[in-house]
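Subject: Structure for you to look at

Hello,

Here is the structure I said I would pass on. Please open it alongside the notes, which come after it.

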Amino acid sequence: LKPPVRIAVTGAAGQIAYATLFRIAGGIMLGRDQPVILQLLDLPHAQKALQGVIMEMHDCAFPLLEDIFATDDPETAFKDADIAILIGARPRTQGMERSDLLQANAAIFKTQGEALNKVAKRDVKVLVAGNPANTNAYIAMKSAPDLPSENFSALMRLDHHRAVSQIAEKIGRPVTSIEKMCVWGNHSPTMYADFRYATSNGESVAEMITEPDWHSEVYMPKIAQRGAAIIEARGASSAASAANAIIYHLRDWILGTSGKWVTMAVPSDGSYGIPEGIVFGFPVICENGNVEIVQGLDLSDDFSKAHIELTLNELLEEREAVKHLL
Ligand code: NAX
């Protein structure tokens, strides 16, 4: 067996973590020959619930789970971590303004970024799922100046999967036939789900969709409101599908996408005119642990321009709102 990979998970007593941890320990994320050590972080009041999760993990007798522990101290959780999955965040409560939410989360992700900077492996791969995910990832990255910015990413894979599955349903083909989907920008209703380049068995998806307004009037609102629709139907927010997205995001980042496009929010390198450092959803290809933003796509039509501007402006406003903390 290979040496174990240390994986820190925050918000570990929460519902997304509950749907994530068992799959990681089962070998779904890194392969059935890769032992793991799970380092779980949650707030002090959640430690009892977290012990319950650990008891269940033991009860699975996972052959790949070499060790598992709980803590409420970020530096203990992130010590020597190869991977850090940041799920815990301050949820929006009634009467809370968007700016209050940003500030509350900025404080959390600043502390966690500083802890990563101090104790994590220098090549740690960080995935932020806790909302507002892109800006939280940006804050963590800025708070970890000794780590390369390429180590940081935010979760847009759930949006990507939603975008693929809605297209597959529309054209009546399996999801596996669909490639080259893009979801640009912020993990928020402003994201730009873009199937202009998508193919199904190599044929253009856009050419199969004949209604001119379907993209803007049906498809994009459906993806943007999907999280709310799940809450409405289930009485609780997306958990298993978010966990699934976390697993695939990291698996692809580490093991590669064999030339296929996936969506990851990563710090911009200036591609497509997105200011450097802004954590933005791009189509990417992963190889040998590196992420390459797919280049050369045309965003100059009015529709694309307007949507990129909308989602970028939101991210710039979020950056402005937390600037004084960084
Ligand atoms: P839960 O409320 O079930 O769990 C969150 C856990 O985080 C709790 O146990 C809480 O005690 C813990 N926590 C809070 N602050 C913490 C801190 N400073 N350090 C460590 N732990 C802390 O929420 P869950 O449904 O698991 O969702 C977690 C986050 O994922 C939310 O911010 C949610 O908005 C976000 N999501 C992001 C998605 C994405 O695609 N990027 C999709 C799903 C989800 O909405």
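This is a predicted model: local features need pLDDT of at least 70, side-chain atom pairs count only at pLDDT 80 or more; totals for chains, interfaces and linings use all residues.

Annotated site. UniProt, in an unreviewed entry, puts the feature "active site" at His187. That residue sits in the loop that runs between strand E8 (182-184) and strand E9 (192-194). His187 counts as partly exposed because its relative accessibility is 21%, and the cut-off for buried is under 20%. Leaving aside residues up to four places away in sequence, His187 is in contact with Asn131, Asn134, Leu155, Met156 and Asp159.

Largest pocket. The space in the largest pocket comes to about 1100 Å³. Its lining has 39 residues, and those closest to the centre are Ala129, Asn131, His187, Ile231 and Ser237. Five helices each give at least two residues to the lining: H1 (15-25), H4 (98-119), H6 (157-171), H7 (214-224) and H8 (226-234). Sorted by class, the lining of the largest pocket consists of 20 nonpolar, 12 polar and seven charged residues.

Second largest pocket. The volume here is about 630 Å³. There are 27 lining residues, with Arg157, His160, His161, Val164 and Val175 nearest the centre. H6 provides the largest share of this lining, at eight residues. At least two residues each come from H6, strand E7 (178-179), H8 and H9. H6 and H8 are also among the helices that supply at least two residues to the lining of the largest pocket. By class, the second largest pocket is lined by nine nonpolar, 10 polar and eight charged residues.

Helix H9. This helix covers residues 240-255, 16 residues in total, and spans 22 Å from its first C-alpha to its last, close to the 22 Å expected at 1.5 Å a residue. Which residues of H9 are buried? They are Ala242, Ala243, Ala245, Ile246, Ile247, His249, Leu250, Asp252 and Trp253. When reading that list, recall that an α-helix has 3.6 residues a turn, so residues three or four places apart point the same way. Among the buried positions, Ala242, Ala245 and His249 can be followed along the helix in this manner. Gly256 comes after H9, and its phi is positive, near 95°.

Regards

Terms used: Residues are numbered from 1 along each chain as its sequence is written. Side-chain values use heavy atoms; hydrogens and water are left out. UniProt positions are given in the numbering used here, feature names are shortened, and annotations may be inferred rather than shown by experiment. Helices (H or I, at least four residues) and strands (E, at least two) are DSSP runs, numbered from the N terminus. Buried means under 20% relative accessible area, exposed over 50%, partly exposed in between (1.4 Å probe, protein chains only). Contact means heavy atoms within 4.5 Å. The expected span of a helix is 1.5 Å times one less than its number of residues. On a 1 Å grid over the protein atoms alone, a cavity is a set of points where a 1.4 Å probe fits but cannot get out, and a pocket is an open set with protein on both sides within 12 Å along at least five of seven lines; lining residues have an atom within 4 Å of a point. Grid points are joined across faces, edges and corners, and a volume is the space filled by probe spheres set on the points. Ala, Val, Leu, Ile, Met, Phe, Trp, Tyr, Cys and Pro count as nonpolar, Asp, Glu, Lys and Arg as charged, and the others, Gly among them, as polar.
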